[in-house]
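Open the model in your viewer and keep the selection tool at hand. The stops below go from the whole chain down to single residues.

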Amino acid sequence: MLAPARLSVDEFLAQPETLTPTELFEGAVIVSPAPTFGHQRIAARLYDCLRTRTPAGSLVLFAPVDVVLSDSTVVQPDLLWIAPDNDRCIERDGRLYGAPDLCVEILSPSTARLDRTAKFTAYER
């Protein structure tokens, strides 16, 4: 059996744009089904809470937006917040490079294990 192909961030980002949730995690491409209605309802409520309670100049975004965390990992958090003074998370060529101040993953049965373990560790780094 062949091992799954590994991609670099440059190879991953060269793929055509898609609204299908697609991430690169430690070189492996992860494609997920579209979020459920319940998932999106929770995301919308959290977005409203964050947007109305963050300081002026903050940026609150929701998926999909690529966040490049390393040379082998590109994630799409469900929600993210970037504080006005954050100089570690920089927009370049339509993507974010570096860690936002807050990344929110709404757990789904198909993604909960990855979100709680490896992805959590990647966000912490």
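**The whole chain**

Begin with a cartoon view: the protein chain has four helices and nine strands. Helices (H or I, at least four residues) and strands (E, at least two) are DSSP runs numbered from the N terminus. Follow the cartoon along the sequence and the pattern reads α-β-β-α-β-β-β-β-β-β-β-α-α.

This is a predicted model, in which local features need pLDDT of at least 70 and side-chain atom pairs count only at pLDDT 80 or more, while totals for chains, interfaces and linings use all residues. Residues are numbered from 1 along each chain as its sequence is written, and side-chain values use heavy atoms, with hydrogens and water left out.

Next, show the C-alpha trace, which spans about 50 × 35 × 25 Å along its principal axes. How many of the residues count as buried? Of the 125 residues, 34% do; buried means under 20% relative accessible area, exposed over 50%, and partly exposed in between (1.4 Å probe, protein chains only).

**The largest nonpolar core**

Select Phe25, Val65, Val67, Val75, Leu80, Ile82, Cys89, Leu96, Ala122 and Tyr123, and show their side chains: these 10 residues form the largest nonpolar core. Strand E6 (79-82) and helix H4 (118-124) each supply at least two residues of this core. A nonpolar core is a set of buried Ala, Val, Leu, Ile, Met, Phe, Trp, Tyr and Cys residues joined through side-chain atoms within 4.5 Å.

Now centre on Val65. Residues up to four places away in sequence aside, Val65 touches Val75, Gln76, Pro77, Leu80 and Leu96. Contact means heavy atoms within 4.5 Å.

**Another core**

**Leu102**

Move on to strand E9 (residues 102-104), where Leu102 lies. Is Leu102 buried or partly exposed? Leu102 counts as partly exposed because its relative accessibility is 32%. Which residues is Leu102 in contact with, leaving aside neighbours within four places in sequence? They are Leu50, Leu79, Leu80 and Trp81. Leu80 is also one of the residues of the largest nonpolar core.

For the last stop, select Ala112 as well and draw a distance from C-alpha to C-alpha. Leu102 and Ala112 are 18 Å apart in space and 10 residues apart in sequence.
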